[in-house]
Amino acid sequence: MSHRKFEAPRHGNLGFTPRKRTKHHRGRIRSFPKDDATKPVHLTAFAGFKAGMTHVLRTVDRPGSKLHTKETVEAVTLIETPPINIVGIVGYIETPRGLRALTTVWATKLNKDTLRRFYKNWINSKKKAFTKYSEKVTKDPKATETQLARIVKYAQIVRVIVHTQHNKLNLRQKRNHIFEVQVNGGTIAQKVAYAKGLLEKEITVDQVFKQNENIDIIGVTKGKGFAGVIKRFGVKHLQKKTHRGWRRVGCIGGWHPANVRYSVARTGQLGYHHRTEINKKVFRIGKVDSLKTAGTTAADITEKGINPLGGFVHYGEIRNDFLMVKGGIVGPKKRLVLLRKSLLPQVNRKALEEIQLKFIDTSSKLGHGRFQTVEEKAKFYSSRTQRKQQKQ
């Protein structure tokens, strides 16, 4: 009779089953924060593009912690967040079977790169999307007001339809991403008035998030392809000289039931999974008009931007607003990630800590970078050349 000598926790979390490739490449916000009518009207989500990572030096301000008042070096991720455009308003009714869309009001003009999203082949299409809707609204301007009045009267939830702006990025893709963002705070009438005022206008990231806030990041992980059980589940390998290989599971189940259970580690797809990371601390929010000094701090007064020498590897340079969040995030460079306000208010001491950066590393990320600015590099090599000439 076979049995295991020692008990141990299982390898691999069953909460992530099935481990298969996601259908939602850009991520999908399945839940929004709970609405609170006492708060002012605000948006609850945004979108950004992963640019790369660097590290920062800061002093910890957390009374009770062993690191309190001490310096620490932490890894951070830079997310480029160009403004998003609001192009629609949706009202939802709560039913026993979930939410039902009551009505949708669209903007009269849609960006060409947004219209691309409605076609598989934009070049060969007739490009007629939304032309009838625009004509209808132009002929009867009161139709929009009628639909908005219906939302105010019947809807319980109001969301806006937004799209990204790929023309502001140095990416190959032209087609904008379209997704919904919930409007929270205030009454339904205030929500609709707020959304109507923003229709066909740009929203910047600092209108949604603030520094030191904790946010959730929703996206798709890096694809790793077909992987074995050791890499996919982290099971222990068998002993050496094992028959038919040792990077395997020793036993995949008993004789009966005469099938392999879903909980047994098996080979298969690893990566390209939809994941949500909660409570990522916002260290800094950068604006496009101050990019040249975005890497400067109170302790490091060198005038430098946030981009490292040579740009971020496999991405390039940040040219728009950006977010700096603590730690790593899902996905490869250039991938779209959705940024959402935290579902639960964070009240612990770590979440409420005020972040004061002392140094942001801007050395080259390709190799062992040693220079923080182009001027520093030029000064070093010019003086080195002069020393060589003096010796000769």
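Tutor: Let's begin with a group: Arg-58, Arg-62, Glu-74, Lys-326 and Glu-353 are tied together in a network of salt bridges. Keep in mind that this is a predicted model.

Student: Is Lys-191 buried or exposed?
Tutor: Lys-191 has 2% relative accessibility, and because anything under 20% is called buried, Lys-191 counts as buried.

Student: What does Lys-196 pair with?
Tutor: Lys-196 makes a salt bridge with Glu-145, and their closest N and O atoms are 2.7 Å apart. Here too distant parts of the chain are linked: Lys-196 is in helix 4 and Glu-145 in helix 3 (residues 142–154), 51 residues apart. Lys-196 is partly exposed at 40% relative accessibility, and Glu-145 is partly exposed at 41%.

Student: And which residue meets Glu-277?
Tutor: That's Lys-280, in a salt bridge of 3.5 Å, N to O. Lys-280 is buried, with a relative accessible area of 11%, while Glu-277 is partly exposed at 23%.

Student: Which residues gather in the patch of positive charge?
Tutor: Arg-370, Arg-384, Arg-387, Lys-388 and Lys-391 do, on the surface. One of them, Lys-388, belongs to helix 6 (residues 374–391).

Student: New topic: the backbone. Where are the cis peptide bonds?
Tutor: One joins Thr-17 and Pro-18, with omega about -5°. Pro-18 lies in the segment before strand 1 (42–43). Another joins His-256 and Pro-257, with omega about 0°, and Pro-257 is in the loop between helix 5 (229–233) and strand 11 (268–271).

Student: Why point those out?
Tutor: Because most peptide bonds are trans, and most residues other than glycine have a negative phi.

Student: So which residues have a positive phi?
Tutor: Phe-130 is one, at about 70°, in the loop between helix 1 (112–115) and helix 2 (131–139). His-314 has a positive phi too, near 65°, and is found in the loop between strand 12 (274–286) and strand 13 (322–326).

Student: Is His-314 buried or exposed?
Tutor: His-314 is exposed, with a relative accessible area of 67%.

Definitions and conventions:
Residues are numbered from 1 along each chain as its sequence is written. This is a predicted model: local features need pLDDT of at least 70, side-chain atom pairs count only at pLDDT 80 or more; totals for chains, interfaces and linings use all residues. Side-chain values use heavy atoms; hydrogens and water are left out. Patches are made of residues with over 30% relative accessible area and no salt bridge: like charges are joined within 9 Å, nonpolar side chains (Val, Leu, Ile, Met, Phe, Trp, Tyr) within 5 Å. Accessible areas come from the Shrake-Rupley method with a 1.4 Å probe; for residues, only the protein chains shown count as cover. A salt bridge is a side-chain nitrogen of Lys or Arg within 4 Å of a carboxyl oxygen of Asp or Glu. Lys and Arg count as positive and Asp and Glu as negative; His and the chain ends are not counted. The place of a charge is taken as NZ of Lys, CZ of Arg, CG of Asp or CD of Glu. Helices (H or I, at least four residues) and strands (E, at least two) are DSSP runs, numbered from the N terminus. Buried means under 20% relative accessible area, exposed over 50%, partly exposed in between (1.4 Å probe, protein chains only).
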